[in-house]
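Work through the exercises below with the sequence and the 3D structure at hand. Each task is followed by its solution.

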Amino acid sequence: MHGTLDQLRDRYPSKWLLIRLDGPDAEEGTVLAADKDPERVERELEKYSRLQLIHPEPLYLTYSLPEGEELPAFAL
């Protein structure tokens with residue numbers, strides 16, 4: 001899915017997101033991975049990081065925190 005960072009966070013509540021940004025300072029991008037397990041998203045990040053050696057693109061890793069929810073302890 002493509003959209004603004006806020007739209008993507010809203011679309012995937014309580015999940016870790018790996019987003020390929022449209023540019024270095026972009027506020028929009030495409031979700032490459034979304035999962036509740038941070039280790040799965042980390043593996044995807046490693047995979048895409050290796051590909052960046054060939055095709056450099058800015059990546060963004062974030063946690064989608066729904067309104068009224070606290071950040072999980074493992075993310076602190």
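**Exercise 1.** State which pattern the chain follows along the sequence.

Solution. Read along the sequence, the pattern is β-α-β-β-α-β. This comes from two helices and four strands, where helices (H or I, at least four residues) and strands (E, at least two) are DSSP runs, numbered from the N terminus. The model is predicted: local features need pLDDT of at least 70, side-chain atom pairs count only at pLDDT 80 or more, and totals for chains, interfaces and linings use all residues. Residues are numbered from 1 along each chain as its sequence is written, and side-chain values use heavy atoms, with hydrogens and water left out.

**Exercise 2.** Find the strands that pair with S2 (two strands pair if DSSP finds at least two bridges between them).

Solution. Start with strand S3 (residues 28–35): S2 pairs with S3 in the antiparallel sense, over six bridges. Within this pair, Ile19 stands opposite Val31 in S3. S2 and S3 form a hairpin, with six residues between them. Next take strand S4 (residues 59–63), which pairs with S2 over five bridges, again in the antiparallel sense. Here Trp16 is opposite Tyr63 in S4.

**Exercise 3.** Explain why S2 is largely enclosed by the rest of the structure.

Solution. Buried means under 20% relative accessible area, exposed over 50%, partly exposed in between (1.4 Å probe, protein chains only). Strand S2 covers residues 16–21, and five of its six residues are buried, so the strand is largely enclosed. For the chain, buried residues make up 30% of the 76 residues.

How values were computed:
Two strands pair if DSSP finds at least two bridges between them.
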